[in-house]
Protein chains: 2
Amino acid sequence: MLRDCNSDFLDHLAESLPEGRLCAPAPRYLEEPRGRWHGRAGAVALPRNVEEVAAILRAAHEARVAVVPFGGGTGLVGGQVASDGPVPLLLSLEKMAAIREVHPSENVLIAEAGCILADVQGAAEEVGRLFPLSLASEGSAQIGGLLATNAGGVNVLRYGNARDLVLGLEVVLADGRVWHGLKRLRKDNTGYELRHLMLGSEGTLGVITAASLRLAPRPAKQGAALMVVESPAAALDLLARAQARFGEGISAFELIGGMGLHFLAETMPQVRLPFEAPPDWMVLIDLGLPEGSAPDGALEALFEEGFEAGLVSDGVIAASLAQRAEFWTLRESIPEANRHIGAISSHDISLPLSEIPAFIVQAGPELARINRYRINCFGHLGDGNLHYNVFPVLGRNRADHEDERAAIKTCVHDLVYAMGGSVSAEHGIGRFKTADMQRYGDPVKLAAMRAIKHALDPRGILNPGAVLPEEPSAKGEM
Amino acid sequence: MLRDCNSDFLDHLAESLPEGRLCAPAPRYLEEPRGRWHGRAGAVALPRNVEEVAAILRAAHEARVAVVPFGGGTGLVGGQVASDGPVPLLLSLEKMAAIREVHPSENVLIAEAGCILADVQGAAEEVGRLFPLSLASEGSAQIGGLLATNAGGVNVLRYGNARDLVLGLEVVLADGRVWHGLKRLRKDNTGYELRHLMLGSEGTLGVITAASLRLAPRPAKQGAALMVVESPAAALDLLARAQARFGEGISAFELIGGMGLHFLAETMPQVRLPFEAPPDWMVLIDLGLPEGSAPDGALEALFEEGFEAGLVSDGVIAASLAQRAEFWTLRESIPEANRHIGAISSHDISLPLSEIPAFIVQAGPELARINRYRINCFGHLGDGNLHYNVFPVLGRNRADHEDERAAIKTCVHDLVYAMGGSVSAEHGIGRFKTADMQRYGDPVKLAAMRAIKHALDPRGILNPGAVLPEEPSAKGEM
């Protein structure tokens, strides 16, 4: 049974910390980007080193007070906001923002949890390397949260998810013990892979305080193109042909639906659109190739092959890095345009690549049975990851459809599940999707997750309510 | 407390299985490649599908009988041989050797645990794809064992370890429940990463019965070169320059010490050596580049850069795929030559890349304090993974040094540990290295491992004695 984070506990905790490590929660700590949920907290703890994090968790463990780890606050599934249950202590890592070590010759960098992603990217660039994790919120998202949620983004096709960029971790467990696992090794088969268990556990198994991150060489030659494709199936065919030509040289392969371009024209006219008439479907292809290759020629050759095969009908190759950046601005502006329009329901789904065309064909008519909507389907096609967002038709707004949200979600998620997909591709489970875990999760996996949670956090103080659906039994053992 | 796998248990088990699933253990099931340990087993179970595996584990769990999962039997750390403790049931997956599905357009293949690695490589090649896992024992090693031990091999630099090639798993837990996790998704953030916990757990947390494997596009252009380098430091400098030029285009970057070439000349004269006088150090560089590139020219340019920088003094670029294969035969023959000579002590170590030269400089003199030896140092330099093997000087043999083995091991491992390295880079812990886990492992990680083991296998029937050092307490909770 958990207790509230009250003044008694805070007084006790303050004794084991230096001055000024505890403060009242400013509003920004209690909000989440989509404004649906509002969190509560008895206080915000701002530790400056791993020993202070350990002291905080030791005290919370002893007092059975819930702790909600907080990073940049950019999570989209409510993992950072506890809106019910006992009042928690909010643990923000923002003051642990040092880059501890940089090893260019090893392509390794060690960053603390509070580092902003953009700063880590910058530190890598300073030594001529690339930290490939890249997503819309990189200006405020923090490494700790990005790793705890195994963030995805636009370079997963080439470099993998966040977990694939981590060589080692420093983690404080629920009872305050510290696992010193900041290795700089590419290969280490000494025991269970605790690292991957912590990555993606959304702060429910331990608190990541620092990570040993793998950097990549900066691609010698870069290039990008926008190509108008006949359909999502044509886009997949084009991807396969691109992979046959360039292999891992493809840094990103993004699908952009026509609706997103209409939304941009409607709400962000300052964003330049590449084609006079917005096409139904286009792809953004980003290449990073070795010394001695010519990305533009390579993209031209791909376009010709696609054109002859009837897959692409038009296209533009970036004439400069500035134009390449413009292509990416277009892509990255779509989520903002979506916010201006106001989605009724947003879905972060993944599917086996070959199922994607069938999903897009079937989902529209299924939803039309509920009501008339505008659908903006876009995302990381190369990863099989679509952002499938449902909007009101012109003249109506999301409020008119509030009572349809549950039905829309079930409709989309049931179809995804039936096709072997995932209802949370890159955003995680947080608190918004625990019911989906119960509905769609493998029951044996769920039982194993509960057993692991119980083994590593027997008192359940770490981010309670996140990831795991409510337990049928209180015990949590298998 | 575990019980022996006796006739009572086997009679009971036989009732829940079809005819002919149980047999007496042939010698090959009780041996390990280095012939140091000899295993025992009450019987060998040969299930043909996941339901039969589940029935076997259910029965073993109820009867508290130990189960040792068995793949190709090629493991080098004794994970497959139980030489003491209660007599176990040996569970061989060899009859589950189907390739269930191939999805070329998704770069995915689903294989059962008993598939031989070479057969999976072949199935990928048939559809114009590459399954990148490649190592010396690929002709007999099985997928289940390769994944349970997170095998490494020669392509880790480009494609990652075995775990990085797995999208989903089908696993039978200790009590016979089946986790159906054979997903074909690149992104799936729904709950804890059970997949990575099972991968590398060496059969102590569950039995992998099938895996969804990621394939890669076959590189459009391939090339390879052998280059004579001045030193390991020069080899690392050359690697950094190669990465700046070719990025992930480098498939392998192998270090070969002069001693290995002497051993080849001494024991395998049929293997052609590329240089008249065996150099002290050389590297094998393997490139896989996109369409439109010229690997030979690229390697020439790299050689010239390295030559001008005083890093390389001689080199040969493969004039054909046949010559490239010859280079690899040379590399792959070194372990066999080592066996002919007879190592006193073999070490599978990894280090932070920048520490490798210092390690090689220091390890020799440290060992010389024990006795005079010949050292063959070679391996996957790009991964920071060295095979550091110690041999008698000419005229003596390993038997003369038997009593020095422990001191040699401690000397090498202490130095590795002091430099932030791992004493098991790709071979795992098995039974031979549990004492090293105790000596060098992080105590908090060890406690967490025990808690997880206890949570998922409360009766401890899965591969007892492997991976985890003997427990101080019987309980295994944190």
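Modeller: Happy to. In this predicted model, domain 3 of chain A and domain 4 of chain A bury about 1,600 Å² between them, and carbon and sulfur atoms give 66% of that area. On the domain 3 side, the residues that lose the most area to domain 4 are A:Leu236, A:Leu255 and A:Asn338, together 32% of what that side buries. To place these two parts on the chain, domain 3 covers 220-340 and domain 4 covers 342-437, while domain 1 (7-92) and domain 2 (99-217) complete the division of chain A. The C-alpha centres of domain 3 and domain 4 of chain A are 23 Å apart. The contact takes 21 residues from domain 3 and 19 residues from domain 4.

Now for the polar side of this meeting. Nine residue pairs, both at pLDDT 80 or more, are in polar contact between domain 3 and domain 4 of chain A. Four elements of chain A, namely α7, β13, α8 (258-267) and α10, each give two or more residues to the side of domain 3 that touches domain 4. The largest share of that side, six residues, comes from α10(A). By residue type, the domain 3 side divides into 13 nonpolar, four polar and four charged residues.

How many salt bridges does the rule find across this interface of domain 3 and domain 4 of chain A? It finds one salt bridge there. Elsewhere in the list of such pairs, A:Arg374 and A:Glu266 meet through their side chains in a salt bridge, at 3.5 Å from N to O. Side chains of opposite charge can pair when their charged atoms come close.

Another pair to find on your screen is A:Glu254 with A:Arg331, whose side chains meet in a salt bridge at 2.7 Å, N to O. A:Glu254 lies in strand β13 (residues 250-257) and A:Arg331 in helix α10 (residues 321-341) of chain A, so this pair ties together parts that are 77 residues apart in sequence. Are these two residues buried or exposed? A:Glu254 is buried, with a relative accessible area of 1%, and A:Arg331 also counts as buried, at 4% relative accessibility.

B:Lys409 forms a salt bridge with B:Asp436, and their closest N and O atoms are 3.5 Å apart. Here B:Lys409 lies in helix α12 (residues 405-418) and B:Asp436 in helix α13 (residues 434-440) of chain B, so the pair ties together parts that are 27 residues apart in sequence. B:Lys409 is partly exposed, with a relative accessible area of 29%, whereas B:Asp436 counts as buried at 6% relative accessibility. Back in chain A, salt bridges that share partners join A:Asp237, A:Arg241, A:Arg245 and A:Glu305 into one network. Over all chains, a search of the whole structure finds 54 salt bridges.

Let us step out to where the two chains meet. Chain A and chain B bury about 6,800 Å² between them, with carbon and sulfur atoms giving 57% of it. In chain A, the residues that lose the most area to chain B are A:Lys187, A:Asn189 and A:Tyr192, together 16% of what that side buries. The contact takes 80 residues from chain A and 80 residues from chain B.

Eight salt bridges are counted between chain A and chain B. Among the pairs to look for, B:Glu248 and A:Arg158 meet in a salt bridge at 2.8 Å, N to O. The side chains of A:Glu193 and B:Arg163 meet in a salt bridge too, at 3.9 Å from N to O. That pair crosses between chains, from the loop between β9 and α6 of chain A, where A:Glu193 sits, to the loop between α5 (156-159) and β8 (166-172) of chain B, where B:Arg163 sits. Both A:Glu193 and B:Arg163 are buried.

Polar contacts join 40 residue pairs between chain A and chain B, both at pLDDT 80 or more. On the side of chain A that touches chain B, α14(A) gives the most, with 10 residues. The residues of that side divide into 34 nonpolar, 27 polar and 19 charged.

Finally, have a look at B:Gly191, in the loop between β9 (178-181) and α6 (194-198) of chain B. B:Gly191 is buried, with a relative accessible area of 11%. Leaving aside neighbours within four places in sequence, B:Gly191 is in contact with residues including A:Gly200, A:Ile429 and A:Met437.

Notes: Residues numbered from 1 in each chain as written. Chains lettered and ligands numbered in written order. Predicted model: local features only at pLDDT ≥ 70, side-chain atom pairs only at ≥ 80, totals over all residues. Heavy atoms only, no water. Contact = heavy atoms within 4.5 Å. Buried area = accessible area lost by both parts, 1.4 Å probe. Salt bridge = Lys/Arg side-chain N within 4 Å of Asp/Glu carboxyl O. Polar contact = N/O pair within 3.5 Å; in protein donor to acceptor, adjacent residues only side chain to side chain. Nonpolar A, V, L, I, M, F, W, Y, C, P; charged D, E, K, R; others polar. Buried < 20%, exposed > 50% of the residue type's maximum accessible area, 1.4 Å probe, protein only. Domains from an automatic or database assignment.
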